[in-house]
Amino acid sequence: AQRWAVISALTVALGAVAWFTYSLAFGQLDYQDVGYTIESETRASVDYEVTKDFDATAQCMLHVMDESYAIVGARIVTIGPHEGTSAADRSQYFRSDLRTEHLGVTGVVDSCWLLD
């Protein structure tokens, strides 16, 4: 009886680990800056990577900032569903253009969120 209790507990623990691993790998949204280009005093572009489920729609807030970290340009972009077959296909790279009020020195992805 004691052996079956240990085997049952290990089976439940293994199932919990598998469920947590799956839930962390899918249904999540991840993003990161890849680069930026300051094209002129009134234009910049931000390069970024977004990792999400194939059928999810996300929005990201992009910022261009000046040397004092003041926001001189902002844009919200929508990233819709896309095709894919493997976990590696969940990641996509984007470049978005932004208009700026004056010369920026950096461009970043401030935040991203999933839409319902």
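Strands, like helices, are DSSP runs numbered from the N terminus (strands: E, at least two residues; helices: H or I, at least four). The model shown in these views is predicted; local features need pLDDT of at least 70 and side-chain atom pairs count only at pLDDT 80 or more, whereas totals for chains, interfaces and linings use all residues. Residues are numbered from 1 along each chain as its sequence is written, and side-chain values use heavy atoms, with hydrogens and water left out.

**View A. Tyrosine 31 in strand β1.** Tyrosine 31 is found in β1, which covers residues 30-38. Its relative accessible area is 30%, so tyrosine 31 is partly exposed (buried means under 20%, exposed over 50%, partly exposed in between, with a 1.4 Å probe and protein chains only). Setting aside residues up to four places away in sequence, tyrosine 31 touches Glu49, Val50, Val109, Asp110, Ser111 and Cys112, a contact being heavy atoms within 4.5 Å.

**View B. The largest nonpolar core.** A nonpolar core is a set of buried Ala, Val, Leu, Ile, Met, Phe, Trp, Tyr and Cys residues joined through side-chain atoms within 4.5 Å. The largest one here has 13 residues, and Val46, Tyr48, Cys60, Leu62 and Val109 have the most contacts inside it. At least two core residues come from each of β2 (43-51), β3 (58-65), β4 (71-79) and β6 (106-114). Strand β2 gives the largest share, four residues. In soluble globular proteins, nonpolar side chains tend to be buried together.

**View C. Tyrosine 48 and serine 96.** Which side chain does serine 96 join through a polar contact of 2.8 Å? The partner is tyrosine 48; a polar contact is a pair of N or O atoms within 3.5 Å, where within protein one must be able to donate a hydrogen and the other to accept it, and residues adjacent in sequence count only if both atoms are side-chain atoms. Serine 96 lies in strand β5 and is buried, with a relative accessible area of 7%. Beyond four places in sequence, serine 96 is in contact with Ala44, Ser45, Val46, Tyr48, Leu62, Arg75 and Val77. With residues up to four places away again not counted, tyrosine 48 touches Gln32, Asp33, Val34, Leu62, Val77, Ile79, Gln92, Tyr93, Phe94, Ser96 and Val109.

View D. Arginine 43 forms one with aspartate 97, the closest N and O atoms being 3.9 Å apart. This pair links distant parts of the chain, with arginine 43 in β2 and aspartate 97 in β5 (residues 91-99), 54 residues apart. Both residues are partly exposed, arginine 43 at 31% and aspartate 97 at 37%. Another salt bridge joins arginine 95 to aspartate 47, with a closest N to O separation of 2.5 Å. Arginine 95 is in β5 and aspartate 47 in β2, so this pair ties together parts that are 48 residues apart in sequence. Arginine 95 is exposed at 55% relative accessible area, whereas aspartate 47 is buried at 14%.

**View E. A salt bridge between two loops.** The side chains of aspartate 53 and arginine 90 meet in a salt bridge of 3.5 Å, N to O. Aspartate 53 is in the loop between β2 and β3 and arginine 90 in the loop between β4 and β5, 37 residues apart. Are these residues buried or exposed? Aspartate 53 is buried, with a relative accessible area of 18%, and arginine 90 counts as buried at 8%.

**View F. Glutamine 59 and tryptophan 113.** Glutamine 59 is placed in strand β3, and its side chain makes a polar contact of 3.0 Å with the side chain of threonine 78. Apart from neighbours within four places in sequence, glutamine 59 is in contact with Ile76, Val77, Thr78, Ser111, Cys112, Trp113 and Leu115. Tryptophan 113 lies in strand β6 and counts as partly exposed at 31% relative accessibility.

**View G. Tyrosine 69 in a loop.** Tyrosine 69 sits in the loop between β3 and β4 and counts as exposed, at 64% relative accessibility. Its phi is positive, about 65°, although tyrosine 69 is not a glycine. Most residues other than glycine have a negative phi.

Definitions and conventions:
A salt bridge is a side-chain nitrogen of Lys or Arg within 4 Å of a carboxyl oxygen of Asp or Glu.
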